[in-house]
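My notes follow in the order in which I made them.

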Amino acid sequence: MLSGERCVIEELFPEVAQAMMDARSSLAWNHDHRFIIRFPLNGYCKLTSMQAIQRLLNACFTLVTSNGGGVEGQQFSEYLFCRRSLPL
C-alpha cells in the first residue's frame, strides 16, 4: 500500500492515476485531494514490491526505515521513503 502526496504517486505510478480519481472505489484512500492514504497498489497494477521500491529509488527517494513481522502466512513489510526537496 502507498501513502503520500497525490501528485508524487501519480508521477511515479501513472498506471494507477485513473483508479485514484474514481470516487466510487476510492473512499478508503481518497479523504483529501492532496494526499493518498494506504492506496492498494497491487490491486491496480502488476508491480512487485521490489519493482515499486526500485521506482522510488530511481526517483531519488531514500529508504529511511523499515519494519516487518507476522506469523505463519501473514507476514508484512513496511518501508518509509523520503525525497529531499531541491531549494528554489
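Predicted model: local features only at pLDDT ≥ 70, side-chain atom pairs only at ≥ 80, totals over all residues.

By class, I found 17 nonpolar, ten polar and five charged residues in the lining of the largest pocket.

I next looked up its extent. The volume of the largest pocket comes to about 1100 Å³. Its lining is made up of 32 residues, and those that lie nearest the centre are Met-1, Leu-2, Ser-3, Leu-56 and Tyr-79. I then listed the elements that give two or more residues to this lining: strands E1 (2-5), E3 (62-71) and E4 (74-82), together with helices H1 (6-12) and H3 (49-58). Which element gives the most? I recorded E4, with six residues.

I turned to helix H3 and asked which of its residues are buried. They are Ala-52, Ile-53 and Leu-56. I noted that these residues are on the same side of H3, because they cover an arc of only 100° around the axis. The general rule I kept in mind is that an α-helix has 3.6 residues a turn, so residues three or four places apart point the same way.

What do the buried residues of H3 pack against? I found H1 and E4 as their partners. On the other side of H3, I marked Met-50 and Asn-58 as exposed.

Last, I checked the backbone just after H3, where Cys-60 adopts a positive phi of about 70°.

How values were computed:
Residues numbered from 1 in each chain as written. Heavy atoms only, no water. 1 Å grid on protein atoms, 1.4 Å probe; cavity = no way out; pocket = protein on both sides within 12 Å on 5 of 7 lines; lining within 4 Å. Points joined across faces, edges and corners; volume = space filled by probe spheres on them. Helix = DSSP H or I, 4+ residues; strand = E, 2+ residues; numbered from the N terminus. Nonpolar A, V, L, I, M, F, W, Y, C, P; charged D, E, K, R; others polar. Buried < 20%, exposed > 50% of the residue type's maximum accessible area, 1.4 Å probe, protein only. Arc of directions from axis to C-beta. Contact = heavy atoms within 4.5 Å.
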